[in-house]
Structures are given as structure tokens and as C-alpha cells.
Amino acid sequence: MALSLYVDTTRWRAHQKSVIDQFPGLVPVCKGNGYGFGHERLSEETSRFGSDMLAVGTTYEAARIKDWFGGDLLVLTPFRRGEEPVPLPDRVIRSVSSVDGVYALVGARVVIECMSSMKRHGVSEQDLSQLTGAIDDVRLEGFALHLPLDRTDGSDAVEEVIGWMDRLRAARLPLHTMFVSHLRAEELSRLQQQFPQTRFRARIGTRLWLGDHEATEYRGAVLDVTRVSKGDRFGYRQQKAASDGWLVVVAGGTSHGVGLEAPKALHGVMPRAKGVARAGLATVNRNLSPFVWAGKQRWFAEPPHMQVSILFVPSDAQEPRVGDELVAHLRHTTTQFDRLVDR
């Protein structure tokens, strides 16, 4: 019995096609845990819809994925001098975010990242004059801009890209290809119309693989059910049951990512209030699990174990049975399933 990821494959692929149709020349992204699907599966999907390029997070990911995907592999993490060398085929393209990095990659295929308003990494406007000589010794595949998701200052993403296009053109740098992230389809279309000689390629991961929330569902199988009465002690820490009910052992623990959550940016009064409430409950060992039974998310009876979680289901709910599956609201990018089931 397992923590399973169920995929409505027809619906999932229909969503993929809708995104691909909106973004001509799209570069799929497969990094981290493969957005919850795994590197092998996303490599297969990318080959199936015929993309010539797949973006990965690191050189280590490229070393694994090269055996599953036969096209070009774009490594998104920028090259740095002194990094551990990883044997990679010539079809791997390195991102570079400094003039020094370009000089260090003689003969390599490179994409040069420009510093966007993300302020994460990239060459600056002042670096451009030095790039003219540096790119003579590499095979330049294009420039790139990684843009922010939110623009709270009201700025325009298209204008930011146009600004960089103007700077690159003024520096007499080649503008045959520009890789971009986090643009809407209509924004990409505006850019393509304004710069018809440049090929704009959107690097997309989350929207492509996870854009249709109804196409996928995690479920944890019930492994054991034990009736308890109020005051009974249980678990590693021998806590007391707060009321009558059942202890339900369900597949899915910390090794799957259950109970592990990435920090979230909260906007608005209500989300912040809920966050404060959750934190307050956690201080008295009350933590809501991601597992749903009888229409409600159920509380952890104690912190999740490595491969299972123990939930408390009160006696006023239907008793779970061994073999039942509980829907689990889990974040794809932090979850590792036991099995994937195509439906």
C-alpha cells in the first residue's frame, strides 16, 4: 500500500497542449523533483510533444536526464569557476551570469542571463561592453531574462524586456534568441511583434505541468485502524487521546514530503490571520494533516513518521477501513510518491 499520484492523463496532456499552443517555441522545465512527476516521466512527455530542448536545474540533473531525453538540455543554474566538473554531452547548454563565466567556457554552448528586477543573478548593463570580445570564444545560444512573478510596483514585464533588448542592441550584441520566464502569452506575442528578427522562447515549468489542478490527485492508503477511548495513550510520545475515535495509519510520511512545507508569501488580512491561527495551534501539538476523510482534513495524531502518518478520526465520523485511500492535499514540488497511476 502506497502514497499514490493519480493522473488523468488525457486531461493532463490536453492542458499541456493548450500551453504549448499559446507559447510557440516553449522550452519545458524539468527541475527539482520533476514537479512531482519525476525526471523520467517529464522527459518522456517532452519527447512525446516534440520539444527540441528541455531546461533542467543543475548539471547533476542534466547528467541523469541526458539518458531519457535526446534533445538539447539547458542548465538553468549559472556556471561558476571552480564548480565540480560533471561529464556532459555537447548538447548541454550552460547558463552564464557573468563575463568571467563566459571567458571560462571557451568552446561551450552558452545562454547569457541578464540581471532582471528579480535581482538574483545576471550580467549588468555595465558588463555588456566586455561581452563583445568574450562571446567570440563561445557558441552563443541567446540571452535570457528571469522575471518576477508579481509586480507590486505596477511595472510592466514587457517594458522590462524591451529595455534589455535596447541595451543589448546598443552594445551590438546578437539578438537572434531571447529566453524568458514568467510572461503571459499576450505579453510574449507583443514582444514577438515588436522584435520580429528575434526568437522569443518561454521557459515554463509550473504552468505547463501543474496548471490544471483537477488533472492530478494524491492519495494515501490506509494501512491500519485502531479504536481508542478518551485518555488512552498512544504513539512515540505516549500522548493521551482527547476523545473517542480511531488512530488511522496512512501511507505518506516525511520521506514523501508529508509534513514538510515551503514558506508561502501571504497577501491580505485573512491569509495572515489563518497563518497565525495555525502557528498557535502548532504550539499545543495541534497540526492539521493534508489527508481528507469524510469531507474534512484530519488532524495528525502526532508528527508524521518517516513513511506513514497517524491521524486521529473522531467517533462521530465514519470509521476508515484498511485499504481505503485518503485524498491528500500535497504540494507537487515537495512530494515524492511511491507510485504513479495513469487513469
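Modeller: Let us begin with the second largest cavity, which holds about 30 Å³ of space. This is a predicted model, in which local features need pLDDT of at least 70 and side-chain atom pairs count only at pLDDT 80 or more, whereas totals for chains, interfaces and linings use all residues. Residues are numbered from 1 along each chain as its sequence is written, and side-chain values use heavy atoms, with hydrogens and water left out.

Biologist: What makes a space a cavity and not a pocket?

Modeller: On a 1 Å grid over the protein atoms alone, a 1.4 Å probe fits at the points of a cavity but cannot get out, whereas a pocket is an open set with protein on both sides within 12 Å along at least five of seven lines. The search of the whole structure finds 2 cavities of 30 Å³ or more; volume here is the space filled by probe spheres set on the points, which are joined across faces, edges and corners.

Biologist: Which residues line the second largest cavity?

Modeller: Its lining consists of Trp-209, Leu-210, Asp-212, His-213, Thr-216 and His-332, a lining residue being one with an atom within 4 Å of a point. By class, the lining of the second largest cavity divides into 2 nonpolar, 3 polar and 1 charged. Ala, Val, Leu, Ile, Met, Phe, Trp, Tyr, Cys and Pro count as nonpolar, Asp, Glu, Lys and Arg as charged, and the others, Gly among them, as polar.

Biologist: How much space lies in the largest cavity, and which residues line it?

Modeller: About 40 Å³ of space lies in the largest cavity. Glu-113, Cys-114, Ser-116, Met-118, Arg-120, His-121 and His-146 line the largest cavity, giving 2 nonpolar, 3 polar and 2 charged residues.

Biologist: Cys-114 is in that lining. Why does Cys-114 count as buried?

Modeller: Cys-114 has 1% relative accessibility, and buried means under 20% relative accessible area, with exposed over 50% and partly exposed in between (1.4 Å probe, protein chains only). Cys-114 therefore counts as buried. Cys-30 has a relative accessible area of 0%, so Cys-30 is buried as well. Of the 343 residues of the protein chain, 47% count as buried.

Biologist: How many disulfides does the search find?

Modeller: The search of the whole structure finds 0 disulfides. The term asks for a pair of cysteine sulfur atoms within 2.5 Å.

Biologist: What makes the phi of His-182 worth a remark?

Modeller: Most residues other than glycine have a negative phi. For His-182, a residue other than glycine, phi is positive, near 70°. His-182 is found in the loop between strand E8 (177-181) and helix H7 (185-194). Gln-238 is not a glycine either, yet has a positive phi of about 55°; Gln-238 lies in the loop between strand E11 (233-234) and strand E12 (239-240).

Biologist: Are His-182 and Gln-238 buried, exposed or in between?

Modeller: His-182 has a relative accessible area of 34% and is therefore partly exposed. Gln-238 is partly exposed too, because its relative accessible area is 41%.

Biologist: Where is Val-110, and why is Val-110 called buried?

Modeller: Val-110 belongs to strand E6 (residues 109-114). Its relative accessible area is 0%, so Val-110 is buried. Val-110 and Glu-141 are 31 residues apart in sequence, and their C-alpha atoms are 5.7 Å apart in space.

Notes:
Helix = DSSP H or I, 4+ residues; strand = E, 2+ residues; numbered from the N terminus.
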